[in-house]
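Please look through this structure with the notes below beside you.

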Amino acid sequence: MALALTGRVLPAEDRRVLAAFAAQAAVVLDRRRLQEEADRARTLAEGNRIRTALLAAVSHDLRTPLAGIKAAVTSLRSEDVEWSEGDRAELLEGIEEGADRFDHLVGNLLDMSRLQTGTVTPLIREVDLDEVVPMALGGVPEGSAGLDVPETLPMVAVDPGLLERAVANLVENAVKYSPPGARVLVAASALADRVEVRVVDRGPGVPDEAEGTHLRALPAPWRCPARRGRGSGTRGGARLRRGHGRHPERRGHPRRRAHHGPHPPRGGNPPGAPSRGRTGKAGLMTRVLVVDDEPQIVRALVINLKARAYEVDAAHDGATALKLAAARHPDVVVLDLGLPDLDGVEVIRGLRGWTRVPILVLSARHSSDEKVEALDAGADDYLTKPFGMDELPARLRAAVRRAEPAGGGEDDVIVDTGEFTVDLAAKKVNRAGKDVRLTPTEWHLLEVLVRNSGRLVGQKQLLQEVWGPSYGTETNYLRVYMAQLRRKLEADPSHPKHFVTEPGMGYRFEK
């Protein structure tokens, strides 16, 4: 900075004053320049953060329909399965639904491709709410969210793509954190010169310290002024026509075609149905627990695994998965990480608290950090969506093989006490040349003790291994079932040689 003066020559003291003034002015200008550069840097950082948030948000949505489509297509191309007409119709319907959803998401992404350097520019147009909100609900399980939008609401001026992404994120998070069985409500109403859309849930809410910061990851250019003369507009208010999510007979995807006939039951074997299972050389039946909140993927997995003679149970959220695992004791778990109530990693930790069942993660999360987190939590394998249906059964077989007793020889799977023989692979007990009939609970208790032969197994460990993670103090269960095992297997049940009680601690199996 240079300070130029004209006129008479100033004395030395005045020149010193002017020099000091010039230095201060230079400092002010430098500060202003630095502030402007800092503002530009913040604008660029905000733009990058918004781009990252939007791309991360649509990444999972794009991979999910692709996974359902690829699973169905690779299933139909499989040469080792003869598909029934019902199964074929189910798979084709899944392809059509996935393609419709993918087409919509791509259109949405193209609309949002107006991401410019450092900013997002909204493309405002007048829309009805039924063009946006029903599609925003497509990413949550059916029945988990409902609409309450009066038909008298006016059209609004918004960016449809950004509005849908914002509503979808709010609804998905509301469903994720709502208590089991609690339905999320998406409601709208006109207030003065605007229309408000409210996502109402019964979740724990936002901590006080996070108030005002929890929505920063989402852009807000959809907060647009109302258009005079045609009604009001801000957060996605609009008119809703009949038939979009408000009548039980019209549930499902908004573009879903009419059903062409009955389909087999979904979600596993119905109560009372004869069980079917994949059998190995020793007659062992493999039960698979499928945990995913995407109906198309669950449908494709259930159809494929049943066609390959596996027993299948299905759960659409983490809480149900943990309950089914405790009740049904699956041989392997296929688990998605993006569940509506619990994160999949939490489900893995919950299972690992009481069982060593193989866990195969099947997820659209593809970053190395997320894979490492799941594997460190206790998962045995990780398969990224979209996946081929030829690869999944191979990984299931490998997971089951790894869970079998080490070595695989007869000495590893058959335990002979001299009075009775336990075949761990065939799940059979023979005494005096005759098979001994055990209930599922008796067998599971026996299996845990035999696999820990010679070692003390604590009461709490036995209860959780056999009855599930919510048990730990019901020692009377152990006394009842140990008495039953002794009556069936011990030569002298009142003086047991093989099922030894360690008072106050647990039980020990001795050959």
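1. Two rings of Phe, Tyr or Trp count as a pair if their centres lie within 6.5 Å, with the six-membered ring used for Trp. A pair of aromatic rings is described by the distance of the centres and the angle of the planes. The model discussed here is predicted. By the ring rule, the count is 5 aromatic pairs.

2. One of these pairs is W467 with Y477: the centres are 5.6 Å apart, the planes make an angle of 55 degrees, and the pair is classed as tilted. It links distant parts of the chain, with W467 in helix α12 (residues 459-467) and Y477 in helix α13 (residues 475-489), 10 residues apart. W467 counts as buried because its relative accessibility is 15%, under the 20% cut-off. Y477, at a relative accessible area of 30%, is partly exposed.

3. Y477 also pairs with Y471, again in a tilted arrangement, at 6.0 Å between centres and 45 degrees between planes. Y471 is partly exposed, with 25% relative accessibility. Which residues do the ring pairs link into a cluster? They are W467, Y471, Y477 and Y481.

4. The next point concerns the cores. The largest nonpolar core holds 31 residues, and L301, F387, L392 and L396 have the most contacts inside it. Elements giving two or more residues to this core include the helices α1 (12-76), α2 (85-111) and α9 (391-403), and the strands β9 (285-291), β11 (332-335) and β12 (359-363). Helix α5 contributes the largest share, 7 residues. In soluble globular proteins, nonpolar side chains tend to be buried together.

5. What does L396 touch, once its neighbours within four places in sequence are left aside? L396 is in contact with L305, Y310, V332, V334 and L360. Another core, apart from the largest one, has 25 residues, including L445, V448, V457 and L489.

6. Helix α11 (residues 440-451) is 12 residues long and spans 16 Å from first C-alpha to last, close to the expected 16 Å. This helix is mostly covered, with 9 of its 12 residues buried. How many of the 18 residues of α4 are buried? The number is 13, so α4 is largely enclosed by the rest of the structure. Helix α4 covers residues 160-177 and reaches 26 Å from its first C-alpha to its last, close to the 26 Å expected.

7. D159 sits in the loop between β5 (156-158) and α4. Is D159 buried or exposed? D159 has a relative accessible area of 1%, so it is buried. Its C-alpha atom is separated by 8.7 Å from that of V127, although D159 and V127 are 32 residues apart along the chain.

8. The other aspartate to check is D313, in strand β10 (residues 311-315). D313 is buried because its relative accessible area is 7%, again under 20%. The side chains of D313 and R328 are joined by a polar contact of 3.2 Å.

Methods:
Residues numbered from 1 in each chain as written. Predicted model: local features only at pLDDT ≥ 70, side-chain atom pairs only at ≥ 80, totals over all residues. Heavy atoms only, no water. Phe/Tyr/Trp six-rings, centres within 6.5 Å; stacked < 30°, edge-to-face > 60°. Helix = DSSP H or I, 4+ residues; strand = E, 2+ residues; numbered from the N terminus. Buried < 20%, exposed > 50% of the residue type's maximum accessible area, 1.4 Å probe, protein only. Expected span 1.5 Å × (residues − 1). Polar contact = N/O pair within 3.5 Å; in protein donor to acceptor, adjacent residues only side chain to side chain. Core = buried A, V, L, I, M, F, W, Y, C linked by side-chain atoms within 4.5 Å. Contact = heavy atoms within 4.5 Å.
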